[in-house]
Amino acid sequence: MKVAVTGAAGRTGGLVVKKLVERKDQFEARAVVRNASSKSKLAGLPDTAIFEVDLARGGADAFLPAFSGCDAVVIATSGVPVLKPLSLIPVFWAKLTGKTGVSPEFSWKEGQFPEQVDWLGQKAQIDAAKKAGVKKVVLVSSMGGTDPSNNLNKLGGGNILQWKRKAEQYLIASGLTYTIIHPGGLIDEPDGQREIRLGVDDTLIKETVRSIPRGDVAELCVQSLKLKAAENRAFDCVSRKPGDGQPTKDFEALLTGMPKNCDYSINSQYP
């Protein structure tokens with residue numbers, strides 16, 4: 001199976017590429033990165049399998065060389081908020097004085113506002129996948145999209161979860177076979193050591209543990225490429241703490257054991 005991964009230089013997308021490369025008997029990986037400086041992060045891939053596409057400048061046609069001949073695409077692109085350093089001063093002062101409700105402020109780099117990356121950029125990728133004859137798209141999104149007041153939407157006034165959710169609905173309406181994965185808080189800890197839990201419609205946000213290792217999300221992406229139980233599914237995922245439950249190994253059982261899909265009639269309004 002030929003698979004193109006966008007956002008391949010990111011921490012989650014890079015792990016997806018790594019897992020595909022490790023399974024050369026099953027997959028042929030291609031990586032899509034923003035610029036040439038990211039190529040050094042993709043050990044194990046020849047230059048011919050790495051494509052440069054800047055979401056801020058390229059439309060759907062910019063992705064066609066990377067997607068051409070592929071069976072599947074994993075979309076792991078996302079807007080990344082940038083901390084405003086001076087905003088930490090009132091935060092530190094609040095801690096010293098016992099004041100509450102003071103939070104740091106964030107902004108977005110030029111050309112990387114959530115509307116551009118998480119909506120228009122992902123829309124371009126979905127259009128390109130369809131045009132290139134790709135059979136399946138796996139989209140890595142985020143939990144929280146049912147709640148417009150979620151704190152992630154307030155970062156830099158970006159409404160990032162709302163734009164992500166709009167892209168998800170666009171993918172569902174595209175006619176492509178899809179899997180949409182909504183991870184909880186992403187953590188950089190070893191994967192394969194925890195029990196993964198699935199849910200829908202942000203019910204897992206109420207759980208005590210709302211995080212999941214990036215590597216476990218990457219494994220879910222890779223497993224979803226071939227499993228019938230992952231076709232045309234949208235779900236949330238978190239993990240238990242190591243030692244609490246058994247590490248997830250049977251992903252088909254995991255998916256068939258949770259037959260529900262996210263309900264996109266919940267909060268269907270966007271900015």
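**Before starting**

This is a predicted model, in which local features need pLDDT of at least 70 and side-chain atom pairs count only at pLDDT 80 or more, while totals for chains, interfaces and linings use all residues. Residues are numbered from 1 along each chain as its sequence is written, and side-chain values use heavy atoms, with hydrogens and water left out.

**Stop 1: the whole protein**

Display the whole chain as a cartoon. The protein has 8 helices and 12 strands; helices (H or I, at least four residues) and strands (E, at least two) are DSSP runs, numbered from the N terminus. The radius of gyration is 18 Å, close to the 18 Å that the globule rule gives for 271 residues, so the protein is as compact as a globular protein of that length. That radius is taken over C-alpha atoms, and the rule is 2.2 Å times the number of residues to the power 0.38. Along the principal axes, the C-alpha atoms fill a box of roughly 60 × 45 × 40 Å.

Buried residues make up 48% of the 271 residues. Here buried means under 20% relative accessible area, exposed over 50%, and partly exposed in between (1.4 Å probe, protein chains only). Of the contacts between residues at least 6 apart in sequence, 78% join residues at least 24 apart, a contact being heavy atoms within 4.5 Å.

Next, select residues 7–226, which an unreviewed UniProt entry lists as "domain: NAD(P)-binding". UniProt positions are given in the numbering used here, feature names are shortened, and annotations may be inferred rather than shown by experiment. This stretch is 35% helix and 18% strand, with its end C-alpha atoms 21 Å apart.

**Stop 2: the sheet**

Colour the strands of the open sheet: 8 of them, with mixed pairing, follow the order β3-β2-β1-β4-β7-β8-β12-β10. Two strands pair if DSSP finds at least two bridges between them. At the edges stand β3 (50–52) and β10 (196–199); each has a single partner strand, so one side of each is left without a neighbour in the sheet. From one strand to the next, the twist averages 20 degrees.

Now select β4 (residues 72–75). With β1 (residues 2–6) it pairs in the parallel sense over 4 bridges, and Val3 has Ala72 as its bridge partner. β4 also pairs with β7 in the parallel sense over 4 bridges, where the bridge partner of Ala72 is Lys136. In a regular strand the side chains alternate between the two faces of the sheet. Both faces of β4 are covered, with Ala72 and Val74 buried on one side and Val73 and Ile75 buried on the other.

**Stop 3: helices against the sheet**

Select helix α6 (residues 160–173). This helix lies across β7 (136–140) and β8 (177–183), running at about 160 degrees to β8. Helix α7 packs on the sheet as well, touching β4, β7, β8, β10 and β12 (233–239), and its direction makes about 165 degrees with that of β8. For these angles, axes are lines fitted to C-alpha atoms, for helices over the stretch in contact, and values run from 0 to 180 degrees between N-to-C directions.

Move to α2 (residues 60–67). Which residues of this helix are buried? They are Phe63, Leu64, Ala66 and Phe67. Their cover includes β1, β2 (28–33), β3, β4 and α4 (114–131). After α2 comes Gly69, whose phi is positive, near 85 degrees.

**Stop 4: Arg214**

Centre the view on Arg214, in helix α7 (residues 214–224). Is this residue buried or exposed? Arg214 counts as buried because its relative accessibility is 12%. Leaving aside neighbours within four places in sequence, Arg214 is in contact with Arg11, Thr12, Leu15, Leu186, Ile187 and Asp188.

**Stop 5: two loop residues**

Finish with Asp201, in the loop between β10 and β11 (211–213). Although not a glycine, Asp201 has a positive phi of about 55 degrees, and at 22% relative accessibility it counts as partly exposed. Then select Asn232, in the loop between α7 and β12. Asn232, a residue other than glycine, has a positive phi near 55 degrees and is partly exposed, with a relative accessible area of 35%.
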